[in-house]
Amino acid sequence: MTESAISRIIGPLMLAPLAGYTDKAFREIAESLGADGAVTEMVSAEGLARGGEKTEALLERYPGEKALVMQIFAPSDDPVARCMERLIAHAPSVIDINCGCPVPKVVKTGAGSALMREPGMIGRIVRTIKAATDTPVSVKFRLGWDSSSINYMDFAEEAASAGADMLTLHARTRAQGYSGNADRSAFRTLSGHFSGSGILIYGSGDVFTPEDAAEMIDGYGLDGVMFARGAIGNPFIFRMTKEYMQKGSYTLPSIGERIETAERHLSLAVSYFGEHTACREMKKQLMAYLKGISGAASAKAAIGRASTEEELRAALHTLL
Ligand SMILES: Cc1cc2nc3c(=O)[nH]c(=O)nc-3n(C[C@H](O)[C@H](O)[C@H](O)COP(=O)(O)O)c2cc1C
């Protein structure tokens with residue numbers, strides 16, 4: 001896989017993996033508003049190897065979905081080797097390995113950010129995937145386990161020498177979780193080191209505005225960024241960022257567009273997952289679309305109480 005081959009698959013503005021959020025409905029909304037590609041929610045390699053239906057469902061595309069990065073998590077190369085046949089059957093555009101998840105349930109198995117403590121293992125996992133497929137491989141990792149064990153450069157080197165085609169750094173330690181500021185200086189160190197290598201270098205962490213994304217790409221030499229919390233309830237961020245990078249300014253979505261997009265997102269979720277599941281899962285996303293709208297308190301309360309699609313729509317309509 002050459003640089004041009006992987007960079008033809010995905011572009012600079014990606015929707016990050018977000019467990020509980022980046023299902024096919026959210027990805028479809030984000031891509032309709034300018035995202036250059038998206039990452040699935042993290043998928044257990046062990047669950048996939050065992051053929052779990054719910055696990056496989058996380059890898060389904062929406063009709064016409066193109067650039068889909070499928071992310072797996074595993075503590076070692078063994079479940080990765082066993083899940084490859086099922087994973088490849090979903091034709092991932094890129095296979096990503098989660099080395100950043102800080103959740104105790106995942107970490108105590110040795111997966112997610114626990115891999116930061118065992119850099120040799122990431123090399124074995126990357127080589128296992130490379131031996132099974134030509135699909136590009138990417139690795140998403142953190143600065144290190146905690147501030148006394150910052151090892152992202154050694155970790156990146158290990159992944160790169162095993163053949164990784166793309167590296168995404170979430171510039172926080174596992175100990176930081178999602179709080180504290182991402183350390184952007186690490187992006188420059190990483191992108192400088194791999195400049196000219198053909199490996200794509202992406203950044204994650206505190207990408208909340210078009211200015212954040214432009215600074216990371218233009219100022220820190222990254223090939224792209226992943227929008228995470230900044231895209232929840234705000235998929236317009238992709239369109240705004242493209243506009244900003246072209247013209248130096250951007251237009252915020254109107255309240256009408258926010259409500260209309262929230263409704264479209266709800267419709268897609270209902271069509272893909274059924275009304276019951278969609279209504280339960282969409283509440284947090286719909287609330288996020290209303291963030292910052294003044295006078296939205298009673299609409300949010302009505303969303304909280306709603307149990308049908310019609311009730312959710314009625315709650316949104318009170319703001320039009
Ligand atoms: C609710 C939530 C779920 C997440 N799920 C995943 C995941 O499944 N895989 C992953 O690699 N990162 C996951 N992340 C991390 C994000 O992809 C991203 O790296 C992190 O939020 C930092 O970006 P931000 O500060 O711009 O939000 C998750 C983050 C949040 C807040």
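Me: Which residues of helix H10 (residues 210–220) are buried?

Reply: In this helix, Pro210, Asp212, Ala213, Met216, Ile217 and Tyr220 are buried. A residue is called buried if 20 or more other C-beta atoms lie within 10 Å of its own, exposed if there are 12 or fewer, and partly exposed in between, with C-beta atoms placed from the backbone. The model is a predicted one, in which local features need pLDDT of at least 70 and side-chain atom pairs count only at pLDDT 80 or more, while totals for chains, interfaces and linings use all residues. Residues are numbered from 1 along each chain as its sequence is written.

Me: What do the buried residues of H10 pack against, and what follows H10?

Reply: They pack against strands E1 (13–15), E8 (200–204) and E9 (224–227), and against helices H9 (185–194) and H11 (236–247). Contact here requires C-beta atoms, placed from the backbone, to lie within 7 Å of each other. Helices (H or I, at least four residues) and strands (E, at least two) are DSSP runs, numbered from the N terminus. After H10 comes glycine 221, with a positive phi near 70 degrees.

Me: Why is the protein chain called as compact as a globular protein of its length?

Reply: The chain holds 15 helices and 9 strands. Its radius of gyration is 19 Å, close to the 20 Å that the globule rule gives for 320 residues, so the chain is as compact as a globular protein of that length. The radius is taken over C-alpha atoms, and the rule is 2.2 Å times the number of residues to the power 0.38. The C-alpha trace spans about 55 × 45 × 35 Å along its principal axes, and 49% of the 320 residues count as buried. Among contacts between residues at least 6 apart in sequence, 67% join residues at least 24 apart.

Me: What makes helix H2 (residues 24–32) largely enclosed by the rest of the structure?

Reply: Of the 9 residues of H2, 8 are buried, so the helix is largely enclosed by the rest of the structure. The buried residues are Lys24, Ala25, Phe26, Arg27, Glu28, Ile29, Ala30 and Glu31. Their cover includes E1, strand E2 (37–39), H11 and helix H12 (255–273). Glycine 34 follows H2 and has a positive phi near 110 degrees.

Me: Why are H13 and H15 called roughly parallel to each other?

Reply: Helix H13 (residues 275–289) and helix H15 (residues 309–317) pack at an angle of about 25 degrees, with their axes 10 Å apart. The axes are lines fitted to C-alpha atoms, for helices over the stretch in contact, and angles run from 0 to 180 degrees between N-to-C directions. Angles under 35 degrees count as roughly parallel, over 145 as roughly antiparallel, 65 to 115 as roughly perpendicular and the rest as oblique. H13 and H15 are therefore roughly parallel.

Me: Which residues of H13 and H15 meet?

Reply: Glu275, Cys279, Met282 and Leu286 in H13 meet Glu309, Leu312 and Leu316 in H15. By class, this contact has 5 nonpolar, no polar and 2 charged residues. Ala, Val, Leu, Ile, Met, Phe, Trp, Tyr, Cys and Pro count as nonpolar, Asp, Glu, Lys and Arg as charged, and the others, Gly among them, as polar.

Me: Why does methionine 287 count as partly exposed?

Reply: Methionine 287, in helix H13, has 17 C-beta neighbours inside 10 Å and therefore counts as partly exposed. Leaving aside neighbours within four places in sequence, methionine 287 is in contact with Lys300 and Ile303.

Me: Why does leucine 167 count as buried?

Reply: Leucine 167 belongs to strand E7 (residues 166–170), and its 25 C-beta neighbours inside 10 Å make it buried. Not counting residues up to four places away in sequence, leucine 167 touches Ser138, Val139, Ala156, Ala159, Ala160, Ile199 and Ile201.

Me: Is aspartate 206 buried or exposed, and how do you know?

Reply: Aspartate 206 has 20 other C-beta atoms within 10 Å, so it is buried. This residue lies in the loop between E8 and H10, and its phi is near 60 degrees, a positive value in a residue other than glycine.

Me: Why does alanine 91 count as exposed?

Reply: Alanine 91 has 11 C-beta neighbours inside 10 Å, so it counts as exposed. The loop that holds alanine 91 runs between helix H5 (77–89) and strand E5 (94–99). Although alanine 91 is not a glycine, its phi is positive, about 50 degrees.

Me: Which residues come nearest to the ligand?

Reply: Of the 21 residues around the ligand, Ala16, Pro17, Met42, Ala228 and Arg229 come nearest. A residue is near when its C-beta atom, placed from the backbone, lies within 6 Å. The shell divides into 9 nonpolar, 8 polar and 4 charged residues.

Terms used
Contact = placed C-beta atoms within 7 Å.
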